[in-house]
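Welcome, and please take a moment to turn the model around before reading on. The paragraphs below walk through it one region at a time.

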Amino acid sequence: MQLDDTIAQARADTDGIGAGNPRLIPIRPLAALTANEEEVARQMQVCNACRYCEGFCAVFPAMTRRLSFAKADIHYLANLCHNCGACLHACQYAPPHEFAVAVPQAMAKVRAQTYADYAWPPALGALYHRNGLTVALAAAGGLALFLLLALMLTGRLLHEPLAGNFYAVFPHNLMVAMFGAVFLYAVLALTLGAVRFWRDVTPGASAAGAAGEAAHNALALTYLGGGHGDGCNEADDAFTLARRRFHHLTFYGFMLCLASTSVATVYHYAFGWSAPYALTSLPVILGTVGGIGLLVGPAGLLWLNLRRAPLHGDAAQKTMDRAFIALLLLTSATGLALLIFRDTAAMALLLAVHLGVVMALFLTLPYGKFAHAVYRCAALLKFTIEKRLPSRLALGAD
Ligand code: SF4
Ligand code: SF4
């Protein structure tokens with residue numbers, strides 16, 4: 001086939017470029033690719049000859065700096081892709097064309113595998129990869145049940161209204177110990193995964209401005225604008241900014257809930273002001289606004305997930321995606337229910353369920369969709385570093 005001949009010639013012409021020149025990125029020996037990685041490499045070679053989608057996202061400019069795709073390159077590109085679907089809807093080689101180019105789906109399959117491959121410990125990554133929704137719901141249900149039984153055995157499950165005093169149910173130090181442990185575990189597992197990913201994709205020396213640009217692109221979800229500002233494709237050819245908005249609601253809702261907990265911690269330790277706090281206090285306002293964002297954002301993402309075009313994603317990954325969304329929804333729903341009914345006799349029960357769900361959310365963060373946020377930030381940083389370096393291909397267009 002003419003395209004394959006062109007690509008094979010280009011690869012032969014460029015093999016070894018960079019050797020002996022310290023300014024250029026050395027080409028690493030190719031590791032064996034999985035079938036999904038082979039498919040990304042094949043499609044990227046078609047795209048490299050076509051380049052119609054160059055302005056859509058960071059994947060295509062990063063692709064044009066390569067003529068062949070090693071394992072680490074594919075992992076980098078797969079996490080640089082945020083599955084907006086734009087390149088599929090623009091593609092003249094998409095199925096039923098014989099080239100069968102479906103970049104969002106090919107990237108999604110590899111991306112899901114990277115969550116498991118870089119996870120720590122790897123066995124938990126593989127388990128979550130196979131049975132995400134079951135693991136997430138079992139963890140939430142199991143932890144909530146454990147806390148309910150503990151309350152029942154100590155006679156604190158049934159009580160008169162306690163005016164929202166959570167510490168009468170679970171002492172403050174016990175709550176700090178439980179959440180400190182799961183929070184540190186999540187941070188440790190995510191950090192180890194990120195370090196392994198970062199080492200694997202060999203980013204090169206950092207350049208001035210790269211980190212700032214990457215942080216801006218990550219926080220503003222720049223690429224969810226689709227390169228033209230009109231947004232992503234979801235179910236059809238129409239552009240929509242819905243995904244960017246629901247992602248923002250989810251992310252900033254989560255951050256406001258974390259801010260609420262942080263402010264409450266400062267109140268407790270620095271000022272000696274113990275919970276419960278008034279409805280008009282800063283921790284409650286932050287938690288309420290964050291909780292609403294965390295309810296609306298994931299509900300919207302679930303709605304989009306249910307109606308997305310099949311070629312955008314990997315059907316086998318749906319359970320993992322929905323597990324994360326389900327835990328976010330349960331966290332916000334149980335948190336808001338706890339706030340509404342905190343002055344009633346149901347507070348202990350609601351508190352135990354909410355704590356169980358939140359702990360399950362943090363324990364599973366390193367293994368699912370949240371890991372993508374970490375790897376994607378790393379990939380965006382590599383992209384901003386790499387684009388400041390001279391292309392190793394040294395072609396005229398560069
Ligand atoms: S996705 Fe299709 S249209 Fe876009 S660059 Fe690749 S081959 Fe070309
Ligand atoms: S799906 Fe979107 S982010 Fe992914 S490669 Fe295509 S255009 Fe880029």
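**A walk through the model**

Let us begin with a pair of helices: H4 and H6 lie roughly perpendicular to each other. In this predicted model, H4 covers residues 71–80, and its angle with H6 is about 105 degrees, with the two axes 8 Å apart. That angle falls between 65 and 115 degrees, which is why the pair counts as roughly perpendicular. On the H4 side, the contact is made by Ile-74, His-75, Leu-77, Ala-78 and Asn-79, and on the H6 side by Met-107, Val-110, Arg-111 and Thr-114. Sorted by class, the residues of this contact are five nonpolar, three polar and one charged.

Helix H6 also leads us to a ligand. Around ligand 2 there are 14 residues, and those that come nearest are Cys-57, Cys-81, Cys-84, Cys-87 and Pro-104. Two elements give two or more residues to this shell, namely H5 and helix H6, which spans 103–118. Which of them has the largest share? H6 does, with three residues. The shell around ligand 2 has 11 nonpolar residues and three polar ones, with no charged residue.

Now move to the other ligand. Ligand 1 is surrounded by 13 residues, and the closest are Cys-47, Cys-50, Tyr-52, Cys-53 and Cys-91. Helix H2 (35–50) and helix H5 (86–90) each supply at least two residues here, and H2 gives the most, with three. This shell divides into 11 nonpolar residues, one polar and one charged.

Most residues other than glycine have a negative phi, and most peptide bonds are trans. Ala-100, in the loop between H5 and H6, has a positive phi, near 45 degrees. Pro-121 sits in the loop that runs between H6 and helix H7, residues 122–153. Another cis bond goes from Ala-275 to Pro-276, with omega near 10 degrees. Here the loop is the one between helix H10 (242–271) and helix H11 (282–307), where Pro-276 lies.

Helix H12 takes in residues 318–340 and helix H13 residues 347–364; they pack at an angle of about 155 degrees, with their axes 9 Å apart. Because that angle is over 145 degrees, H12 is roughly antiparallel to H13. Their crossing is left-handed. From H12, the residues that make the contact include Leu-327, Leu-328, Leu-330 and Thr-331, and from H13 they include Leu-350, Leu-351, Val-353 and His-354. In this contact of H12 with H13, 12 residues are nonpolar and five are polar, with no charged ones.

Finally, how far can each part be trusted? The chain has a mean pLDDT of 87, and 89% of its residues reach 70 or more. Which helix has the lowest confidence, and which the highest? Helix H1 (residues 2–14) is lowest, at a mean of 45, whereas H2 is highest, at 97. Over residues 6–29, pLDDT stays under 50, and the model has 25 contacts beyond four places in sequence for them. Where pLDDT is low, the predicted coordinates should not be read in detail.

How values were computed:
Residues numbered from 1 in each chain as written. Chains lettered and ligands numbered in written order. Predicted model: local features only at pLDDT ≥ 70, side-chain atom pairs only at ≥ 80, totals over all residues. Axes fitted to C-alpha atoms, helices over the stretch in contact; angles between N-to-C directions. Helix = DSSP H or I, 4+ residues; strand = E, 2+ residues; numbered from the N terminus. Parallel < 35°, antiparallel > 145°, perpendicular 65-115°, else oblique. Left-handed = near helix turned anticlockwise from the far one by under 90°. Contact = placed C-beta atoms within 7 Å. Nonpolar A, V, L, I, M, F, W, Y, C, P; charged D, E, K, R; others polar. Near = placed C-beta within 6 Å. pLDDT = per-residue confidence, 0-100.
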